[in-house]
Amino acid sequence: MPSEYGPRERMITSTALLIRERGARATSLDAILAHSGAPRGSIYHHFPGGREQLLREATAYAGEFVARQLERKGTDDPLGAIDGLVDEYRANLLATDFRAGCPVVAVAVESGEDGPDLREQVVGAFDRWRQLLAHGFVASGIDAIRADELGVLVIAAFEGALILSRAYRDVAPLETVRGEIRELVQAELGPIKEGSP
């Protein structure tokens with residue numbers, strides 16, 4: 001993580017990175033401090049709400065990270081945005097020996113189970129991703145309702161592929177889903193291109 005990050009930013013980033021590999025319940029404050037290198041007293045100084053506040057902010061951070069990935073090409077090239085996201089997570093899987101998944105999904109699965117209810121942050125992240133994808137599809141000429149449906153499908157397929165790739169310890173599920181998404185979106189765009197002047 002960038003050296004210019006202060007203790008607060010380092011703790012948020014470390015929390016997101018640890019959650020993606022261990023899950024929310026298994027990510028302790030001690031592990032966050034060790035990973036971030038932040039001083040022990042800094043958690044309650046920067047996060048008066050304690051672990052719950054830190055989990056909320058780390059979930060929001062992870063959601064924003066994916067949103068930025070999708071925004072890079074989203075409007076001009078929705079398939080390029082999807083490819084960029086898949087490439088990023090493919091690299092993460094390989095770099096972490098298939099331990100790194102999506103922190104937002106990890107929180108979604110565990111939210112409310114003997115811990116804080118973080119569904120609001122999770123739903124907010126998923127909604128933002130869906131809207132960004134749908135916006136790109138609409139800009140490409142796909143009907144708004146269908147574009148929203150495709151946004152949901154892309155998120156569900158991508159997250160499912162990450163889980164399968166981690167389980168199989170193989171990027172093949174992620175690549176299969178990438179290919180299927182591309183084929184589906186290109187099929188949706190085909191009639192639009194054919195009907196254009």
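Gln69 lies in helix α4, which spans residues 50-73; helices here are DSSP runs of H or I with at least four residues, strands are runs of E with at least two, and both are numbered from the N terminus. The model is a predicted one, in which local features need pLDDT of at least 70 and side-chain atom pairs count only at pLDDT 80 or more, while totals for chains, interfaces and linings use all residues. Residues are numbered from 1 along each chain as its sequence is written, and side-chain values use heavy atoms, with hydrogens and water left out.

With a relative accessible area of 8%, Gln69 is buried, a class that means under 20% relative accessible area, as against exposed at over 50% and partly exposed in between, using a 1.4 Å probe and protein chains only. Its side chain makes a polar contact of 3.4 Å with the side chain of Arg72; such a contact is a pair of N or O atoms within 3.5 Å, where within protein one must be able to donate a hydrogen and the other to accept it, and where residues adjacent in sequence count only if both atoms are side-chain atoms. Once residues up to four places away in sequence are set aside, Gln69 touches Gly84, Leu85 and Glu88, contact meaning heavy atoms within 4.5 Å.

The C-alpha atoms of Gly151 and Cys102, which are 49 residues apart along the chain, are separated by 17 Å.

Helix α6 (residues 103-110) is mostly covered, with six of its eight residues buried; these are Pro103, Val104, Val105, Ala106, Val107 and Glu110.

For the protein chain as a whole, the secondary structure amounts to nine helices and zero strands. Its radius of gyration is 18 Å, close to the 16 Å that the globule rule gives for 197 residues, so the chain is as compact as a globular protein of that length; the radius is taken over C-alpha atoms, and the rule is 2.2 Å times the number of residues to the power 0.38. The C-alpha atoms fill a box of roughly 65 × 35 × 30 Å along the principal axes. Of the 197 residues, 45% count as buried, and among contacts with a separation of 6 or more, 65% come from residues 24 or more positions apart.
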